[in-house]
Amino acid sequence: VTTVAELLEAMRLYHAWAGNASFQTLAGRCRYRVSMSTFSAVLTGDKVPTLSVLQNLIAACGTTPEYWHRFEAAWRRVAGEAGA
């Protein structure tokens with residue numbers, strides 16, 4: 001992952017791989033630290049999310065330390081490009 005578009009696609013694919021939980025389910029799994037509407041905007045939009053939103057999404061989809069670190073590293077690579 002080297003671009004915002006690639007990061008967003010990886011997030012969408014991870015969400016799909018994890019079972020395509022509804023935005024309401026994702027919000028509940030992260031104890032509503034991120035709203036349903038924010039998850040919707042991130043997974044259907046074209047802007048890089050904050051690191052906190054990314055972390056909550058990955059956690060809500062279920063993760064391992066390996067995936068956690070991969071997504072965080074990818075976010076850090078593209079955050080500057082996106083002005084995040």
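The model is predicted, so local features need pLDDT of at least 70 and side-chain atom pairs count only at pLDDT 80 or more, while totals for chains, interfaces and linings use all residues. Residues are numbered from 1 along each chain as its sequence is written, and side-chain values use heavy atoms, with hydrogens and water left out.

Helices are DSSP runs of H or I with at least four residues, strands are runs of E with at least two, and both are numbered from the N terminus. Helix H4 spans residues 51-61 and is mostly covered. Eight of its 11 residues are buried (under 20% relative accessible area, with exposed meaning over 50% and partly exposed in between, for a 1.4 Å probe and protein chains only). The buried residues are Leu51, Val53, Leu54, Asn56, Leu57, Ile58, Ala60 and Cys61. An α-helix has 3.6 residues a turn, so residues three or four places apart point the same way. Glycine 62 follows H4 and has a positive phi, near 90 degrees.

Leucine 54 sits in H4. Its relative accessible area is 1%, so leucine 54 is buried. Contact means heavy atoms within 4.5 Å. Leaving aside residues up to four places away in sequence, leucine 54 touches Met11, Pro49, Phe71, Glu72 and Trp75. Asparagine 56 also belongs to H4. Asparagine 56 is buried because its relative accessible area is 9%. With residues up to four places away in sequence again left out, asparagine 56 touches Cys30, Arg33, Val34 and Phe39.

One cavity of 30 Å³ or more was counted. A cavity is a set of points, on a 1 Å grid over the protein atoms alone, where a 1.4 Å probe fits but cannot get out; lining residues have an atom within 4 Å of a point. Grid points are joined across faces, edges and corners, and a volume is the space filled by probe spheres set on the points. The largest cavity holds about 30 Å³ of space. Its lining consists of Leu54, Gln55, Ile58, Trp68, Phe71 and Glu72. H4 and helix H5 (65-82) are the elements that give two or more residues to this lining. By class, the lining has four nonpolar residues, one polar and one charged. Here Ala, Val, Leu, Ile, Met, Phe, Trp, Tyr, Cys and Pro count as nonpolar, Asp, Glu, Lys and Arg as charged, and the others, Gly among them, as polar.

Two helix pairs were examined next. Two packed helices are described by the angle between their axes and the distance between the axes. Axes are lines fitted to C-alpha atoms, for helices over the stretch in contact, and angles run from 0 to 180 degrees between N-to-C directions. Helix H3 (residues 36-44) and H4 have axes that come within 11 Å and cross at roughly 95 degrees. H3 is therefore roughly perpendicular to H4 (65 to 115 degrees, with under 35 roughly parallel, over 145 roughly antiparallel and the rest oblique). Thr38, Phe39, Val42 and Leu43 of H3 meet Val53, Asn56 and Leu57 of H4. This contact of H3 with H4 has five nonpolar residues, two polar and no charged.

H1 and H3 pack with their axes 9 Å apart, at an angle of about 120 degrees. The two helices are therefore oblique to each other. H1 supplies Leu8, Met11, Arg12 and His15, and H3 supplies Val42, Leu43 and Thr44. Four residues of this contact of H1 with H3 are nonpolar, two are polar and one is charged.

Histidine 15 lies in helix H1. Histidine 15 is buried because its relative accessible area is 8%. Not counting residues up to four places away in sequence, histidine 15 touches Asn20, Ala21, Leu26, Leu43 and Cys61. Alanine 21 is in the loop between helix H1 (4-17) and helix H2 (23-29). Its relative accessibility is 15%, so alanine 21 counts as buried. The C-alpha atoms of alanine 21 and asparagine 56 are 13 Å apart, although 35 residues separate them in sequence.

Most residues other than glycine have a negative phi. Asparagine 20, in the loop between H1 and H2, has a positive phi near 55 degrees. Arginine 31, in the loop between H2 and H3, has a positive phi of about 55 degrees. Arginine 31 counts as exposed because its relative accessibility is 69%.

Conventions. On a 1 Å grid over the protein atoms alone, a cavity is a set of points where a 1.4 Å probe fits but cannot get out, and a pocket is an open set with protein on both sides within 12 Å along at least five of seven lines; lining residues have an atom within 4 Å of a point.
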